[in-house]
Amino acid sequence: MDNLTHEHDSCSTDERKSHHSDKTKKNLISRLNRIEGQVRGLKGLIEKDTYCDDVLHQISSVQSALNGVGKLLLEHHMKSCVVERIQEGENEVLDELLVTINKLIR
C-alpha cells in the first residue's frame, strides 16, 4: 500500500468522505480553532466601537488564515483523492477540482 492510499483511505465519489491522518486532522482543527477565536475577537472589536481600519486589518488576518487552511486542504486533496481518482480512470475529477479552485480564488 503506497503512502497516499494509506494516508487517505477512501476518496470514493459515492462516499464523498475524506480520511485524513490524525496529524493532518489535528493541524486543520487547531488552525480552525485559532480562526474561530479571531472571529470572536472581531465581534468584540465591533462591540467596543474599535476604529474601522483596525477591524478591517483583523478581517484581513482572518481571511489570510482561512486561505492557509484552504491551501493545506487543497494540497492534501490533490496529492491523495485527485491522484487516486485519476489512477482509477475518473478524469472528471479534474473538472471538479477546477470548480473548487475557482471558488477558492474568488
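In which handedness of crossing does α3 pass α4? I looked this up first, and α3 passes α4 in a right-handed crossing. A crossing is called right-handed if the near helix is turned clockwise from the far one by less than a right angle, and left-handed if anticlockwise.

**Entry: what I am looking at**

I noted that this is a predicted model, where local features need pLDDT of at least 70, side-chain atom pairs count only at pLDDT 80 or more, and totals for chains, interfaces and linings use all residues. Residues are numbered from 1 along each chain as its sequence is written, and side-chain values use heavy atoms, with hydrogens and water left out.

**Entry: the whole chain**

I found 4 helices and 0 strands, in the order α-α-α-α along the sequence. Helices here are DSSP runs (H or I, at least four residues), strands likewise (E, at least two), and both are numbered from the N terminus. Of the 106 residues, 22% are buried; buried means under 20% relative accessible area, exposed over 50%, and partly exposed in between, with a 1.4 Å probe and protein chains only. The accessible surface is about 7,900 Å², and carbon and sulfur atoms hold 54% of that; I note that the areas come from the Shrake-Rupley method with a 1.4 Å probe. Among contacts (heavy atoms within 4.5 Å) with a separation of 6 or more, 51% join residues 24 or more positions apart.

**Entry: α3 against α4**

Two packed helices are described by the angle between their axes and the distance between the axes. For α3 and helix α4 (residues 93–104), I read an angle of about 165° and axes 10 Å apart. The axes are lines fitted to C-alpha atoms, for helices over the stretch in contact, and angles run from 0 to 180 degrees between N-to-C directions. α3 and α4 are therefore roughly antiparallel, a label for angles over 145 degrees. On the α3 side, the contact is made by Leu74, His77, Met78, Val82, Arg85 and Ile86. On the α4 side I listed Val93, Leu94, Glu96, Leu97, Ile101 and Leu104. By class, that contact has 9 nonpolar, 1 polar and 2 charged residues. In this scheme Ala, Val, Leu, Ile, Met, Phe, Trp, Tyr, Cys and Pro are nonpolar, Asp, Glu, Lys and Arg are charged, and the others, Gly among them, are polar.

**Entry: α2 against α3**

Next I turned to helix α2 (residues 22–47) and helix α3 (residues 52–87), whose axes come within 10 Å and cross at roughly 165°. That makes α2 roughly antiparallel to α3. The crossing of these two is left-handed. The residues of α2 that meet α3 include Leu28, Leu32, Ile35 and Leu42, while those on the α3 side include Val55, Ile59, Val62 and Val69. This contact has 15 nonpolar, 7 polar and 1 charged residues.

Where does aspartate 49 lie? I found aspartate 49 in the loop between α2 and α3. Most residues other than glycine have a negative phi, yet aspartate 49 has a positive phi of about 55°. At 68% relative accessibility, aspartate 49 counts as exposed.

Asparagine 27 lies in α2 and is partly exposed at 34% relative accessibility. Its C-alpha atom is 9.2 Å from that of valine 69, 42 residues apart along the chain.

Glycine 41 is also in α2, and at 35% relative accessibility glycine 41 counts as partly exposed. Glycine 41 and valine 55 are 14 residues apart in sequence, and I noted 9.6 Å between their C-alpha atoms.

Definitions and conventions: Angles under 35 degrees count as roughly parallel, over 145 as roughly antiparallel, 65 to 115 as roughly perpendicular and the rest as oblique.
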